Amino acid sequence: MHDRVMADVEVDVSVRERHVLRFGRVDRTLHGFLMFSFLGLALTGLPVLFSEAPWGRAMARVLGGFTVIHVMHRGFATIMIAVFLIHVARLVARVAIRRDYSIFWGPASMVPQPKDLIDMYRHMLWFTGIGKPPLFDRYAYWEKFDYWAVFWGMAIIGGSGLLLWFPEAFARVLPGWIFNIALLVHGEEALLAVGFIFTIHFFNSHLRPQKFPMDMVIFTGRVSEHELADERPAEYARMRETLVDAGPPSRRAWLIGRVVGTAAVLLGLTVVTLVLYAVASGR
């Protein structure tokens with residue numbers, strides 16, 4: 001992608017080592033708990049969904065048995081719901097208290113915009129060797145897709161999970177057949193989420209050639225000025241004059257991110273392999 005850094009966004013060599021803070025401590029912490037809870041939900045939910053497969057029963061035994069993993073599953077679900085509620089509360093406070101409406105539109109918004117469609121179209125042309133890659137801003141189109149997939153998952157997987165967790169309470173106001181649908185939807189949508197996160201999301205975030213073996217920004221919060229200009233030229237062109245040097249990431253944050261991120265990627269790819277094996281073999 002080096003050929004897409006246009007002359008008006010070139011980085012001065014003398015300041016190339018400056019770093020930009022892209023994600024603050026709260027954002028990184030919430031993502032850490034989200035990642036932790038998602039991995040936990042996958043590891044405790046898939047053995048139940050594939051309880052007839054040998055690896056599903058073996059995984060359940062390693063984790064303490066099906067009774068134990070049911071309790072663990074609900075614990076991880078509680079963490080994920082808390083992360084989601086905190087995130088939504090921060091968004092509401094940002095709009096209602098700080099009167100910051102940039103979350104709805106503009107370069108720093110996660111709301112899909114016409115530019116995202118144009119970027120995606122140009123990206124596809126670039127993949128086939130036609131034309132130059134698009135000039136991405138703060139969030140690329142695939143990152144917005146990932147973001148809204150979480151909201152979809154919370155609504156579908158989280159909602160159906162709560163129905164199954166508190167059936168007596170919901171049965172007072174809902175017909176019985178709803179719970180059969182909730183059971184089916186919860187398992188199928190969760191399987192879809194696991195497949196997406198452990199393949200598409202992992203590739204886009206860590207395994208693509210530009211980032212392999214791992215993108216450390218979500219762990220350290222920082223990205224070098226040169227990397228920002230190369231990957232997000234539109235954002236860099238906008239903020240170049242007011243860029244504040246946040247300093248390089250600490251060695252401790254880098255090591256923790258590398259260890260945690262590597263473990264998550266390896267664990268996720270292992271789970272996907274087991275799921276594909278079970279589906280392909282009927283076991």
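**Entry 1: two helices crossing**

I began with helices α5 and α7, whose crossing is left-handed (left-handed means the near helix is turned anticlockwise from the far one by less than a right angle, right-handed that it is turned clockwise). By the way, this is a predicted model, where local features need pLDDT of at least 70 and side-chain atom pairs count only at pLDDT 80 or more, while totals for chains, interfaces and linings use all residues. Residues are numbered from 1 along each chain as its sequence is written, and side-chain values use heavy atoms, with hydrogens and water left out.

I noted that helices are DSSP runs of H or I with at least four residues, strands are runs of E with at least two, and both are numbered from the N terminus.

At what angle do the axes of α5 and α7 cross? I found roughly 155°, with the axes coming within 9 Å (axes are lines fitted to C-alpha atoms, for helices over the stretch in contact, and angles run from 0 to 180 degrees between N-to-C directions). That makes α5 roughly antiparallel to α7 (angles over 145 degrees count as roughly antiparallel, under 35 as roughly parallel, 65 to 115 as roughly perpendicular, and the rest as oblique).

Next I looked up who meets whom, where contact means heavy atoms within 4.5 Å. On the α5 side I found residues including Trp142, Phe145 and Trp152, and on the α7 side residues including Ile178, Phe179 and Phe196. By class, this contact has 15 nonpolar, five polar and two charged residues (nonpolar are Ala, Val, Leu, Ile, Met, Phe, Trp, Tyr, Cys and Pro; charged are Asp, Glu, Lys and Arg; the others, Gly among them, are polar).

**Entry 2: salt bridges**

Side chains of opposite charge can pair when their charged atoms come close. How many salt bridges does the structure hold? I read off 10 (a side-chain nitrogen of Lys or Arg within 4 Å of a carboxyl oxygen of Asp or Glu).

I looked at Asp119 and Lys115, whose closest N and O atoms are 2.7 Å apart. Both sit in helix α4 (residues 114-127), four residues apart, about one turn of the helix. Asp119 is buried at 4% relative accessibility, while Lys115 is partly exposed at 35% (buried is under 20% relative accessible area, exposed over 50%, partly exposed in between, with a 1.4 Å probe and protein chains only).

Then I turned to Asp137 and Arg238, with 2.6 Å between their closest N and O atoms. Asp137 lies in the loop between α4 and α5 and Arg238 in helix α10, so the pair ties together parts that are 101 residues apart in sequence. I have Asp137 down as buried, at 13%, and Arg238 as partly exposed, at 43%.

Arg240 and Glu241 also meet, at 3.7 Å from N to O. Here Arg240 is partly exposed at 29%, and Glu241 is exposed at 70%.

**Entry 3: Arg22**

Where is Arg22 found? I located Arg22 in the loop between β1 (19-21) and α1 (25-49). Is Arg22 buried or exposed? It is buried, with a relative accessible area of 8%. Leaving aside neighbours within four places in sequence, its contacts include Val217, Leu228 and Arg232. A network of salt bridges links Arg22, Arg138 and Glu235.

**Entry 4: Arg99**

Last, I checked Arg99, in the loop between α3 (66-96) and α4. Arg99 has a positive phi of about 55° although it is not a glycine. I noted Arg99 as exposed, at 56% relative accessible area.
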